Amino acid sequence: MLWVKAFHIISVICWFAALFYLPRLFVYHASSEDEISNERFKIMERKLYRGISTPSMIATLIFGFWMLSYNVQGYFAGGWFHAKLLLVSLLVIYHVYSGHILKQFRDDKNTRSHVFYRWFNEFPVLILIAVVILVVVKPF
């Protein structure tokens with residue numbers, strides 16, 4: 001189980017790195033005004049989302065459910081775990097929505113400013129803080 005936990009943590013770190021960086025690319029992309037920058041950001045966003053973010057999310061979920069399989073009753077006995085699952089579900093929705101935004105940029109249909117994406121970038125930070133506290137402290 002320790003190997004599974006280690007790979008779960010590694011996957012989470014990679015997923016969050018991508019979730020922190022992709023919206024930052026959206027900020028820069030929304031601010032770009034020339035075609036060369038626009039095309040460069042499209043490539044960077046696509047490679048980050050498909051090459052790092054999505055595989056890391058899938059690995060996180062696989063290793064997380066694998067760990068869960070070792071002690072299903074034990075995990076579900078704690079309220080903290082239910083809260084964690086809710087937050088992870090919100091993070092998956094955030095990930096999928098980021099893919100939707102990526103497609104809007106790809107198709108040159110973005111209508112939001114860089115300010116929106118600066119705020120959008122803060123959501124995974126809040127989720128990360130909450131999940132770490134839930135897992136480490138297990139407050140309920």
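## An aromatic cluster

Ring pairs join Phe 26, Tyr 94, Tyr 97, Phe 105, Phe 116, Tyr 117, Phe 120 and Phe 123 into a cluster; rings of Phe, Tyr and Trp (its six-membered ring) pair if their centres lie within 6.5 Å, with planes under 30 degrees apart called stacked, over 60 edge-to-face and the rest tilted. This is a predicted model, where local features need pLDDT of at least 70 and side-chain atom pairs pLDDT 80 or more, while totals for chains, interfaces and linings use all residues. Residues are numbered from 1 along each chain as its sequence is written, and side-chain values use heavy atoms, leaving out hydrogens and water.

Searching the whole structure turns up 18 aromatic pairs. Take Phe 26 and Phe 105: with centres 5.4 Å apart and planes at 25°, the pair is stacked. Phe 26 sits in helix α1 and Phe 105 in helix α4, so the pair ties together parts 79 residues apart in sequence (helices being DSSP runs of H or I, at least four residues, numbered from the N terminus).

## An edge-to-face pair

Phe 76 and Phe 81 go edge-to-face, at 5.2 Å centre to centre and 85° between the planes. Phe 76 is partly exposed at 34% relative accessibility, whereas Phe 81 is buried at 7%.

## Charges over rings

Arg 112 lies over the face of Phe 116, 4.5 Å from the ring centre. Likewise, Lys 138 lies over the face of Trp 80, at 4.8 Å. The cut-offs here: NZ of Lys or CZ of Arg within 6 Å of the ring centre and within 35 degrees of the ring normal.

Definitions and conventions
Helix = DSSP H or I, 4+ residues; strand = E, 2+ residues; numbered from the N terminus. Buried < 20%, exposed > 50% of the residue type's maximum accessible area, 1.4 Å probe, protein only.
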